[in-house]
Amino acid sequence: MCSNIATKASNKMWGGRFEQGPAETMEEINASIDFDKRLYKQDILASQVHAQMLGRQGIITEADAKTIVSGLDTIRAEIDAGTFEFKRSLEDIHMNVEARLSELIGAPAGRLHTARSRNDQSVTDVKLWLRDKIDEIDGQLLALIDALITKAEANADTPMPGFTHLQVAQPVSFGHHLLAYVEMMGRDLDRLRDTRKRLNECPLGAAALAGSPYPIDRHWTSEQLQFDRPTENSMDSVSARDHVTEFLFFAAMNAVHLSRLAEELVNWNSDGFKFVNLTDAFTSGSSIMPQKKNPDAAELLRAKPGRIIGSLNALLVVMKGLPLSFMKDMQEDKEPLFDAADNISLCIRVASRLIDDLEPYKDNMLAFLDRGFATATDLADWLVVALDIPFREAHHITGELVALGVKSGRSLSEIPLEEMQAVEPKISDEVFAAISNETSLAARKCFGGTAPENVKAACIRARERFLTTSKG
């Protein structure tokens, strides 16, 4: 026998079909235990419920079912304690658990796999794990939304420049700006909850692909595992990875939203803006430049979407051409899932802390407003309302006044009345009240606008929508 061929004993779980064990390179590519061992709690729970169902249905004896459940309790305790030996030769979490169960309880362990396959077992484990992870991330998203609303409430009256094309556009409330991210996170929360709702069907009992000839009770199994119902079609049950893909899309979309927020924090914290201060807790220094205080946490938030989007793309490419039903290709769902879930959870928690610690520099925001002629639109609107000038003509007049300000290095409010009247004789001194930042903010009272009173009301509504209503 060649030296790179394992012994036949390595295949004892397969039965009599194989005369030789796998090549070492086959073991290397085939084994998933290095990453799917984190499914051990879900695997043991599903196995215990499956054994109980087999006992209830008379497929195995009640005594064997109880022995299996007890042995699985022991295995869970061993893994929790760190004393369990995971073996790559046994490929995955399912066979590692079953092999150890055989060592502990002997012959009854061989009855556990009756009426199931690793195909339906694996999907069930992942769904159980993902359901728990979604609930965890749900709470983290709510904490971030709470942090954003709290900061928005405290800054409903704080004027800052709103930008388009990264050019000063119009005054907005800093609170209003933060509430834009509440809406993004709220949509992400909806996507996350929709994903949970759709995945909550139990595949166990679909077996390899065709269902089981044994008189199993899939509805009882589903109920015990707190699924809404069993999956409808056995082939779809073992071959669909929509639940993973949908979660990865949520993670990618949420990561993009967090990255946009992170980019703003990086900009606002920079010397060119100085709109906010990021505290020492989420910044770092330079190994050579003593004065530096770098927004590393925000920059890493900005970078993480590359990794998470990569996970989504990877699984879509894996699944795009697979015929029904199960293929080993589908083993590639777990590593991108685990990596994306871990990273999006971390990103959300970091973002919450960044917002909690954020300190706005209000004077700098106001000074920046004056630099960019932010109330030019308000001047055009005043010409329309007060002087009955058509908007296109008012736009042109305002543009001339902005050009005058640019050439002379003055803001609109610093241009003397007589110079304004040289451009449009009907302008009166009432124009100066109309083009103040405070007036500009207060005027935008339409629903969804940036007026401080709107922002305060929007904060109340946001708390009611996201933080005081039940899930789902």
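At 30% relative accessibility, Glu-183 counts as partly exposed, a class that lies between buried (under 20% relative accessible area) and exposed (over 50%), with a 1.4 Å probe and protein chains only. The side chain of Glu-183 meets that of Arg-465 in a salt bridge, with 2.8 Å from N to O; the term denotes a side-chain nitrogen of Lys or Arg within 4 Å of a carboxyl oxygen of Asp or Glu. The model is a predicted one, in which local features need pLDDT of at least 70 and side-chain atom pairs count only at pLDDT 80 or more, while totals for chains, interfaces and linings use all residues. Residues are numbered from 1 along each chain as its sequence is written, and side-chain values use heavy atoms, with hydrogens and water left out.

A second salt bridge joins Asp-339 and Arg-307, whose closest N and O atoms are 2.8 Å apart. Asp-339 is in helix α12 (residues 334–357) and Arg-307 in helix α11 (residues 296–319), so parts that are 32 residues apart in sequence are tied together. Asp-339 is partly exposed at 21%, as is Arg-307 at 45% relative accessibility. Asp-381 and Arg-444 form a further salt bridge, at 3.9 Å from N to O. This pair links distant parts of the chain, 63 residues apart, with Asp-381 in helix α14 (residues 376–387) and Arg-444 in the loop between α18 (437–443) and α19. Asp-381 is partly exposed, with a relative accessible area of 31%, whereas Arg-444 counts as buried at 19%. The search of the whole structure finds 30 salt bridges.

The secondary structure comprises 19 helices and six strands, taken as DSSP runs numbered from the N terminus (helices H or I, at least four residues; strands E, at least two). The radius of gyration is 31 Å, well over the 23 Å that the globule rule gives for 472 residues, so the protein is more spread out than a compact globule. The radius is taken over C-alpha atoms, and the rule is 2.2 Å times the number of residues to the power 0.38. Along the principal axes, the C-alpha atoms fill a box of roughly 100 × 50 × 40 Å. Buried residues make up 50% of the 472 residues.
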